[in-house]
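Hi everyone, thanks for coming. Let me put the structure up on the screen, and then we can walk through it together.

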Amino acid sequence: MLLSIPHLILLLFSWSWGIHAASPSHEEIVGDFFNKNGHAGSTSNHTNNWAVLVCASRYWFNYRHMANALGMYRTVKRLGIPDSNIILMLADDAACNARNKFPGSVYANPGRGLDLYGDNIEVDYRGYEVTVENFIRVLTGRMEPSVPRSKRLLTDARSNVFVYMTGHGGNEFLKFQDNEEISAFDIADAFEQMWQKRRYNEIFFMIDTCQANTMYSKFYSPNILATGSSKMDQNSYSYENDNDIGVAVIDRYTHYVLEYMERINKTSHETMRDLFDSYDRDKIGSDPGVRADLFPRPLDEVRITDFFGGVAQVEVQPPCVAEDVSLPGDFSSEGDVSLSNDSSSEDQQSAQSPVHAGGKAAGAWGQSTDRGSDGWRGTRAWGGILLLAALVGWAGWGK
Amino acid sequence: MPPHIHPEGTTLRDPSKLFHQTDYIRRLIIASYWVIIILAIPLWWQTTSIERLSLPTSRVHAQAENKLRFPVHIKLESVQDASLPSALRHLLQDRIRRSPQAWKGLDVRVREVRDGQDVDAVEPADSYTIKADDGIPLVSQRQLTYPVRGGTLPILADALASLLVPPIDAHRVAQYSPRYRLAFTLLNEDAAAGKSISGWDISGAISRHLSPILSGLSVLHNFTIESQVQFHAPLAFSPTRLDKGYGLTPEDLTVFVNSAEWSLSSSVSNDPVLHFIVFIPSASRRPLQILDAHGLPSSSDAFLLPQWGGIVIYNPPPELDAHVQLPSSALNAVFSAFANQLLALLGVPGLPREMRTDASVLTGWQLDALLRRRALENAEGAQDTLESIVKLVDQIENMPVGQDVRGDVQDALTALDKMYASASASLNETLRQSADALTLASRAFFNPGMLALLYFPAEHNFAVYTPLFASAMIPLIAAAIREVSVWRKQRREAAQALE
């Protein structure tokens, strides 16, 4: 009894600190980036697209998370990202689960119209390989030399990366397979490391979990556009059950995003603004969030295919009737007809126009500056020590 | 009635007389706990601390200030007018002033040579020669034959600018890698529809068309080549129907590669891959033509995807038999297109339009310009990477830094030093050192051991460790305090008894 009371008090204290502990530790860095890189007005000049799709749950009752990730996989593949550029992390125990009445299939709608598992699925990280460590390694590129190409994110400074995560989460964390969790800080640091090594041009981060919007609140690297399914202290809900499968088959947010994506094809001109405007709070049952303060381009000029598509530009080359080996006289611009998706005049416009979306969103999601956070942390630590000392004293002299 | 019944003959024993309740033994037992804990602290510290070796931070920052500079010596030969060299010098200075970014890292010197007699005695290793001679401008290895006159001088200066610092489309050029894989694919859209192409003389075509280029570029890159023939490679869209045949609109071209269904390269290594594809449309869709922006068929049959590779569409003539090899005339056309695309993707600069060349593959001007640009890029990349390692290690507190990371950082710095030392002597050596520096710096950055520990908020640490340690520590501390107070009381009493 003597021991359990201090425990109780300590735990209570630490819990109550946790409530107040929304202190971001990277404000100054964020500030730096705002001054240096923010709103530079760059346009998307990526040449390749990559996708990292993570389903962080396992077990049969999380069927819907598998379906979320596979639905997203199907969409990015349909829109032109090759399998070699998709890293799919999936517990993958739904399709061949003993409880699955439809073996080898994963459906995302109650009518079971579309088999998401299909015959052409390449899961790169499967089962117990889906860990926080592996996810961070994929992002940062810190791999053993023996890791095969298919498991690597071989991006460069001209890659647009789409990161999708789903699972069970909470305030600033996402649980990985019931035994570990990744925090918002870890993802933010991983993105910063990618930025430092020029491993991306732009990132689009999407997350469907409870309190999802907290997961992107710690980002501080430039050129990241983020969206989530629900705000802090809010749950994200599943969409519908299938009575034969017996569990919920997909989450609402992902369902409506995918439903919207079905209207998009490879050459679609719809923008991110259109996608975000399609969010319907009443249908989704939570408040989806968008964070665009790190993203320099106005959202209504960012095409969805910038992140979900394949190639942005091609150059048609002049006819060549050379018989022998001869050095082509000229590769320079004159002979080539540039057929960029984004016409260059449009690019220039967006380069010059002020950044509406970024500016507006900065107010909503911007720097929640808490200058005294370090001092507060120190106080907290000393408080803990004092409390311990008091308890010891009480136990020692109390008799 | 007494509270306890004892057997006959036994007496109550005083607890303080038990051997383990004597003051000495009891204190020894309590002290032994503390001794073990104190002795274990260094071990605990050792096993839980992260190895963070110090990096040569100041050297990295100092190195980042360095800028690579290449001396470029231009000799003017057999010029009639003695004022021409200085006039050319002025014109070049003017161009350098106008676009300093393009001329970054170049120290251009123009000298005059008369009748084989060098005005300067010193002869730099790699210098360029401009020979005054009438006729069409001719570019040879490191020599330019040009009608040098007062009137042509500005044009000559422009020509020199495009030879020394050719404009480059950074968007198209693949990022530098010491190794590339070239994947050649012959795709039949649908061989079952008949009249397909069943094979090609790929090794002959490579040795005829590509080998000279590849060996010319061997200073820069190592190439691995793989090839394949596929017989079913459907498009993901339907081409536009034309009066005669089918057409690909500009938008179709951007989604032409059906990566979901074509497997284009093996994944045996992590080297970057450049793809080269000959696409044979299905017999029912011939001819397949590329349309221009106005929807009219263009004469071109090849296009390039920046940093990815090149595609050539080949429509076999109707009189061709079914299932034959790719005819040699077509093979030549396809491979000259591939050669063009390869050079474009690797950033090999072209020659100015009005100039002819007698070199078979690449002139020294082109290769040097490419080497200089790649070396500058690599040096910058290596410096950036080193700086970001230092910055990240500083910023992320629980990121380990092992011996191998430090070694790689030091080796990269050494390679950079060697690179600067060789910049005025040998371009090849400079490039090699710059590539080494970049590889080493990247390897240090991507070291698997550099994975930071996960972030845990302070309250998590409290919640985890308090139940574990407090239950063990509180009785120990309490016992120690009680023992000390008892001992002090005893001492006080002993002192009073003495008085």
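Let's start at His168(A), which, leaving out residues up to four places away in sequence, touches Ser57(A), Asn62(A), Arg64(A), His65(A), Leu174(A), Lys175(A) and Thr209(A). By contact I mean heavy atoms within 4.5 Å.

Before going further, a word on ground rules: this is a predicted model, where local features need pLDDT of at least 70, side-chain atom pairs count only at pLDDT 80 or more, and totals for chains, interfaces and linings use all residues. Residues are numbered from 1 along each chain as its sequence is written, chains are lettered from A and ligands numbered from 1 in the order in which they are written, and side-chain values use heavy atoms, with hydrogens and water left out.

Back to our histidine. The side chain of His168(A) makes a polar contact with the side chain of Asn62(A), at 2.7 Å. A polar contact here is a pair of N or O atoms within 3.5 Å; within protein, one must be able to donate a hydrogen and the other to accept it, and residues adjacent in sequence count only if both atoms are side-chain atoms. His168(A) is found in the loop between β4 (159–166) and β5 of chain A. Strands, by the way, are DSSP runs of E of at least two residues, helices are runs of H or I of at least four, and both are numbered from the N terminus.

Is His168(A) buried, exposed or partly exposed? With a relative accessible area of 27%, His168(A) is partly exposed. The cut-offs are under 20% for buried, over 50% for exposed and partly exposed in between, with a 1.4 Å probe and protein chains only.

Why pick this residue? The unreviewed UniProt entry places the feature "active site" at His168(A) and Cys210(A). Those two are spread over 43 residues of sequence, yet they cluster in space, with a largest C-alpha distance of 6.5 Å. UniProt positions are given in the numbering used here, feature names are shortened, and annotations may be inferred rather than shown by experiment.

Now the cysteine. Cys210(A) sits in the loop between β8 (202–208) and β9 (224–228) of chain A, and at 18% relative accessibility Cys210(A) counts as buried. Again leaving out residues up to four places away in sequence, Cys210(A) touches Gly169(A), Gly170(A), Ser230(A), Gln234(A), Asn235(A) and Ser236(A).

On to the sheets. β5, β6 and β7 of chain A form an open sheet of three strands in that order, with antiparallel pairing. β5 (169–170) and β7 (180–183) of chain A stand at the edges with a single partner strand each, so one side of each is left without a neighbour in the sheet. Two strands pair if DSSP finds at least two bridges between them. Strand β6 (residues 173–176) of chain A and β7(A) are joined by four bridges, and Phe176(A) has Glu180(A) in β7(A) as its bridge partner.

Strand β1 (residues 48–55) of chain A is mostly covered, with eight of its eight residues buried. Asn48(A), Trp50(A), Val52(A) and Val54(A) point one way from β1(A), while Asn49(A), Ala51(A), Leu53(A) and Cys55(A) point the other way. β1(A) runs parallel to β4(A), joined by eight bridges, and Val54(A) stands opposite Met165(A) in β4(A). β1(A) is also parallel to strand β2 (residues 86–90) of chain A, with four bridges; there, Ala51(A) has Ile86(A) as its bridge partner.

Stepping back, chain A has 12 helices and 14 strands, and 58% of its 399 residues count as buried.

So how much area do chain B and chain A bury between them? About 7100 Å², 60% of it on carbon and sulfur atoms. That is the accessible area, with a 1.4 Å probe, that two parts lose on being put together, summed over both. In chain B, His171(B), Leu451(B) and Tyr455(B) lose the most area to chain A, together 10% of what that side buries. The contact takes 81 residues from chain B and 80 residues from chain A.

Last stop, chain B itself. The unreviewed UniProt entry has "transmembrane region" covering residues 24–45 and 462–481 of chain B. Residues 24–45 of chain B are 100% helix, with end C-alpha atoms 32 Å apart. Residues 462–481 of chain B are also 100% helix, and their end C-alpha atoms lie 24 Å apart.
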